[in-house]
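I opened the notebook to record what I could look up in this model, chain by chain and then across the interface.

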Amino acid sequence: MSALLEVRDLRTVFPGEGGPTPVVDGVSFDLDRGEVLALVGESGSGKSMTAFSILRLVPKPGRVVAGSVRLGGEDLLGLSVTAMRRVRGRRISMIFQEPMTCLNPVVRVGEQVVEAIRLHEDVSRADARDRTRALFAEVGIPDPEARLDAYPHQLSGGLKQRVMIAMALSTRPEMLIADEPTTALDVTVQAQILTLLRELQQSRGTAILLITHDLGIVNELADRVAVMYAGRLVEIAPRVPLLTEPLHPYTQGLLRSMPARGRPGEPLPEIPGVVPRASEWPRGCRFSTRCPVRFEPCAETYPAESHPAAGRRVFCHDVERRLPSEGAR
Amino acid sequence: MSDANESILRVEGLRTWYPIRRGLLRRVVGHVQAATDVSFEIAPGRTLALVGESGCGKSTVGRSILCLENPQEGRVEFEGRDLLSLDATSLRAARQRLQIVFQDPMASLDPRMRIRDQIAEGMHSFGIGADEAERTARVAELLERVQLDPRTMDRYPHEFSGGQRQRICIARALAVEPRLIVCDESVSALDVSIQAQILNLLRRLQEELGLSYLFITHDLSVVRYLAHEVAVMYLGRIVERGPTERLFAHPAHPYTRALLAAIPSIDPARRGEAPPVLGDVPSPSRPPPGCHFHTRCPVAMERCRREAPPMFAIEGGESRCFLSEAPGRAD
């Protein structure tokens, strides 16, 4: 069976001083039906731009210049603007870090979800309101009937995020893109929203592309993890092996530098240096300027994909040279 | 508790409320009870972390210490003098030794000023360095101290990355030879790999210069690494205080336990644990009666709804919970 979403060799550029600057550079991955794939990286890694590219919402003057994005076999990059708008509401929904980016401050929240449903489906106002009430209950909003008539500012941050999730689910999408869905929330509220997302994902079977910088959130929600660095994928693996036996030196460094893994009284193992700007990316592996195990080919040639184990993809010369010559797969 | 002379900062019974004004006459109709009865002290060369979620009052406490707010009650003793009772001139002098580093370096640096001038600005104000050449030499030395290339001193803030800008803010704070630095969410906006660099830097500077830190953050995982002592705040009050090791290993207050359990773990075995508490933090303008935490507390008793618990001394610190009240101990 083919995947729900197939992204191949995606390349998105912004105009720069010395010609077009890539922000997403040759990214390929699949998202299966009902699966949660986390796209992880630090700022500037291209994880959000990958999501925007899939939705064809890259802010101007950026644009997708190469690659393909297939949803259930249909190439999204070739669709008309109208057809793409239909895909965005109905088949792929999105939830953002900041609920107020998608809630209208002067419209009652129930009305906003009713509108979203009626925009995509031919149902009566009363039916849409019934469905909204049921959705509010499903996302754990206490006293849903009363909250339908609330304005966004009357709700707490956690409740606003629940309204946004209800709105995203209102059109029964096959796929949800969640961009840092809990980053703006307090940690005790975040724990509740993560639990809600996991329960909804299990009960509805919605596939989720989760974009986050937080490996703790990855552990809570993801089935598989794709790690990005400077516009490229560096490693893809199922959740447990990625967290316990990361193979790419960047993933290893990221996990080691987390304060939760640090020992009190000892310096944290840090990744030296900073993420290079797109204009200063090395020709070879993007991580080679900071990598503790770099050797001759790293700065010059980009590493090919190796498959060290079933379901694992890594882009690293060092991993490649340590694999048996007849690589797995 | 240590002797008063041993602490560099001693805060006692601090209360900072913001009036809520309504109507034509701007009558005071209530208060945002940002900080109430806050007490703690910091010894030279030590770090106290002030931890809590949004609206708990941790930043208000930080700002009150720097006299950027007007507390209604309490004392802020810095190097033995109560800052709240100082006149403007003496306060200015005291501020030289009391600096702050904020969350967003871009907002606290002037985009149109070369970084050398921003770092040297405080030296001018406090008369550090005899002449321009001496100050330039000191700027270079400070940049090296925070691991930036001194040759970049003529650049502007936008030419640096977020982590480098935070290093510049730290260098600027160090320029006036402070004894205590208030770090208000100073690493919260940084990427994980950069956050580790800045945390290591802060710790190294503490060892080299004997600095004290008041480290204000919402992120408990960062605290474990840096702080000697932790104070947890909820809705304007400190609910638990104690040495970091003890607080992490044996949290006494139910809110501290919830806060610790809520951190998403990177341990694959710890996935799918139920959220430790439900609901949102209530508004600090209308905190619940009794114990402020009782509306979300999993072990709340009838008494907690009516009566506000005082601070109880516990082994390794104090806790504002009736369950921490020492039972009549035998032997």
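**Chain B, then chain A and its interface**

I began with chain B, where, among contacts between residues at least 6 apart in sequence, 64% join residues at least 24 apart; two residues are in contact if their C-beta atoms, placed from the backbone, lie within 7 Å. I note that this is a predicted model, in which local features need pLDDT of at least 70 and side-chain atom pairs count only at pLDDT 80 or more, while totals for chains, interfaces and linings use all residues. Residues are numbered from 1 along each chain as its sequence is written, and chains are lettered from A and ligands numbered from 1 in the order in which they are written.

For chain B I noted 11 helices and 12 strands, where helices (H or I, at least four residues) and strands (E, at least two) are DSSP runs, numbered from the N terminus. I also looked up burial, and buried residues make up 45% of the 331 residues in chain B; a residue is buried if 20 or more other C-beta atoms lie within 10 Å of its own, exposed if 12 or fewer, and partly exposed in between, with C-beta atoms placed from the backbone. The C-alpha trace of chain B spans about 70 × 55 × 50 Å along its principal axes.

I then asked how many residues of chain A are in contact with chain B. I found 40 residues of chain A in contact with 36 residues of chain B.

Finally I looked at how helix 6 and helix 7 of chain A pack, and their axes lie 10 Å apart at an angle of about 15 degrees; axes are lines fitted to C-alpha atoms, for helices over the stretch in contact, and angles run from 0 to 180 degrees between N-to-C directions. That makes helix 6 of chain A roughly parallel to helix 7 of chain A, since angles under 35 degrees count as roughly parallel, over 145 as roughly antiparallel, 65 to 115 as roughly perpendicular and the rest as oblique. Among the residues making the contact I listed A:Ile165 and A:Leu169 of helix 6 of chain A, and A:Leu196 and A:Leu200 of helix 7 of chain A.
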